[in-house]
Amino acid sequence: MKLLEQLIIAVNYSGLLETDIDEIVKSTRMFFIEQGFHISEGIYKNINLQLNDPESLEGTLVSNAEMIRKYVYSCENITINITKESLDMLVTAGIDYKGFEKYKEYLAYIINKMEEDFKSIINITRIGVRKINGLFIKDMKLVSNYFKNEIVNCIGVKGVVSTDSGDVFMSTSHHTIFNTQYKVNIATETQIGEAKEMINNSIHSFNVHRIMLDIDVYWDKEVEEYADVSNKLSSLNDKATDIYLNCLNDEFKNSLLNDNVINDTNIFGGVK
């Protein structure tokens, strides 16, 4: 059982034009087509909001909308987006999840082409690995069976919204950590809703808590220089994994690491 729901790998850069991205796509698309990917092209609106001079007659908030060309490489549970400013990959984890290094290879292939062709132009500004993990818990009194107290203390219901179907609770927390080698954003989110299950050919409803653990580890220009993108991504992934494991109760963590069958009717979700 694994709690990972989504893996996001992103590289941001400056210095490239849309015509440069056209060349990158031309030089990489056959490799990805042979891997089973489909290639598409589109235009999206990039809106930059910034504060203006408060004394300006034009107001304090101004926006700058720019139409940007985007190429999309997609295959099953993988989506790769390429623009003149960023390269990112979204992987939806499932039973066929192949591990970080396999997915990193796809992004590294493209970024290596970029650095080969535009080495004197491209300027890497940010490299990030984000992992979104999720678990459904029936009885929150037992939450410490799965997460350490430091995380449990962040999981508290702080608001309620009344709906026709009942009360829906949501609680969030966010922490940012700076290091000389990387930066980390750790967010938790708790949602309280209703789930259904079949018992003796009858559908029964019960309350359930969805716990999300969102870990974003990244390098940017404010910290140390990187040796190369591929190695830096692996390093960031290792750190994200360490943080994730440090959030878990030791017994629960060992069961996950050893791929033990978890016969716990209080939890469900994740990849089995």
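This is a predicted model: local features need pLDDT of at least 70, side-chain atom pairs count only at pLDDT 80 or more; totals for chains, interfaces and linings use all residues.
Which side chain does Lys 183 join in a polar contact of 3.1 Å?

1. Residues are numbered from 1 along each chain as its sequence is written, and side-chain values use heavy atoms, with hydrogens and water left out.

2. The partner of Lys 183 is Asp 220. A polar contact is a pair of N or O atoms within 3.5 Å; within protein, one must be able to donate a hydrogen and the other to accept it, and residues adjacent in sequence count only if both atoms are side-chain atoms. The two side chains also meet in a salt bridge (3.1 Å, N to O), meaning a side-chain nitrogen of Lys or Arg within 4 Å of a carboxyl oxygen of Asp or Glu. Lys 183 lies in strand β9 and Asp 220 in strand β10, so this pair ties together parts that are 37 residues apart in sequence. Strands (E, at least two residues) and helices (H or I, at least four) are DSSP runs, numbered from the N terminus.

3. Is Lys 183 buried or exposed? Lys 183 counts as buried because its relative accessibility is 5%; buried means under 20% relative accessible area, exposed over 50%, and partly exposed in between (1.4 Å probe, protein chains only). Asp 220 is buried too.

4. Now follow the strands themselves. β9 and β10 pair in the antiparallel sense over 17 bridges; two strands pair if DSSP finds at least two bridges between them. They form a hairpin with two residues between them, and Asn 200 in the turn has a positive phi of about 50 degrees. Ile 199 has Ser 202 in β10 as its bridge partner.

5. β10 also pairs with β6 (residues 123-137), in the antiparallel sense over 12 bridges. Here Asp 216 is the bridge partner of Arg 130, while a salt bridge links Asp 216 to Arg 126, with the closest N and O atoms 3.2 Å apart. Asp 216 is in β10 and Arg 126 in β6, so the pair ties together parts 90 residues apart in sequence.
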